[in-house]
Amino acid sequence: MTGILAHRGFSALYPENTMLAFKEAAKFDIVGFETDVQMSKDGVLVICHDEEISRVSNGEGFVKDFTFEELRKLDFRNGMYQYELDEDTRIPSLEEFFEWFKETNFIINIELKSSQERYDGMVEKTLDMVKKYGLVDRVIMSSFNHRDIIKCKGLIPEIKCGFLTWSVFLKPGSYTASYGIDYYHPDYNSIDDEDYEDCKKNNIDVNPYTIDDKEKMKELVDKGVLYIITNRPDLGVEVVGGKNE
């Protein structure tokens, strides 16, 4: 049975990757969330998708060039000014998220944003925090930087990991399995029937992104994907009928 992961929280209707978006997504019968981790100038793990923050905030520049205190002073409502500017609509640290998340029964897919900016020590620091909060069995690590995912698997062999891709891979199941990685996370437009077959043959579950159309979701359910990553968890739950236990 297919489950739903809320992409950056309920990001279609609430400011993405804010605590407000995660809390609103949590009101639905989903499996969990997808989010993005970067690191501030002073080494704080923060939740933000874009390396350059002008789209998602009222600031300009790169996450890596701001201290966490400077980032927290900015408005991360992403233009959704119908919501209050408060603690839930500012950039969260990963630790702040985990303090809330640990009391829930969801899982979290953490995307390491390390393909454009190579954050020194971010893999180790993220995994240390996962262990600190006792969340190894509730976390999926993914990235377009496949070297960092192999590093994650080497540091914590039991943690679930996924290779993120946006291009058309040849034999994605064989490739993923050859590195001992659990999941293949493709752009849903980039994967064909032969790719699903290759993943199935190699016991690799597929978790495609980002699907907000109910008919396309139904097609993916029929393909037997493990999780659908969507900006619309409300529509996702309508299609799959709730959690994949």
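Good morning, colleagues. The model is predicted, so to speak of its limits first: local features need a pLDDT of at least 70, side-chain atom pairs count only at pLDDT 80 or more, and totals for chains, interfaces and linings use all residues. Residues are numbered from 1 along each chain as its sequence is written, and side-chain values use heavy atoms, with hydrogens and water left out.

Let me begin with the salt bridges. The structure contains 22 of them, a salt bridge being a side-chain nitrogen of Lys or Arg within 4 Å of a carboxyl oxygen of Asp or Glu. One of them joins the side chains of D75 and R77, with 2.7 Å from N to O. Both D75 and R77 are buried; that term denotes under 20% relative accessible area, while exposed denotes over 50% and partly exposed lies in between (1.4 Å probe, protein chains only).

I turn next to D182. Its salt bridge with K153 has its closest N and O atoms 2.7 Å apart. This pair connects distant parts of the chain, 29 residues apart: K153 belongs to helix α5 (residues 146-155), and D182 to the loop between α6 (172-178) and β7 (183-186). Helices (H or I, at least four residues) and strands (E, at least two) are DSSP runs, numbered from the N terminus. Why does K153 count as buried? Because its relative accessibility is 14%. D182 likewise counts as buried, because its value is 17%.

D182 also meets the side chain of K160 in a salt bridge, at 3.8 Å from N to O. Here too distant parts of the chain are linked, since K160 lies in strand β6 (residues 160-165), 22 residues from D182. K160 has 38% relative accessibility and therefore counts as partly exposed.

Elsewhere, salt bridges with shared partners bring R8, E16, D36, D50 and R55 together in one network.

Finally, the cavity. How many cavities of 30 Å³ or more does the structure hold? There is one. On a 1 Å grid over the protein atoms alone, a cavity is a set of points where a 1.4 Å probe fits but cannot get out, and lining residues have an atom within 4 Å of a point. The largest cavity has a volume of about 40 Å³, volume being the space filled by probe spheres set on the points, which are joined across faces, edges and corners. Its lining includes E16, H49 and F76.

Thank you for your attention.

Definitions and conventions: On a 1 Å grid over the protein atoms alone, a cavity is a set of points where a 1.4 Å probe fits but cannot get out, and a pocket is an open set with protein on both sides within 12 Å along at least five of seven lines; lining residues have an atom within 4 Å of a point.
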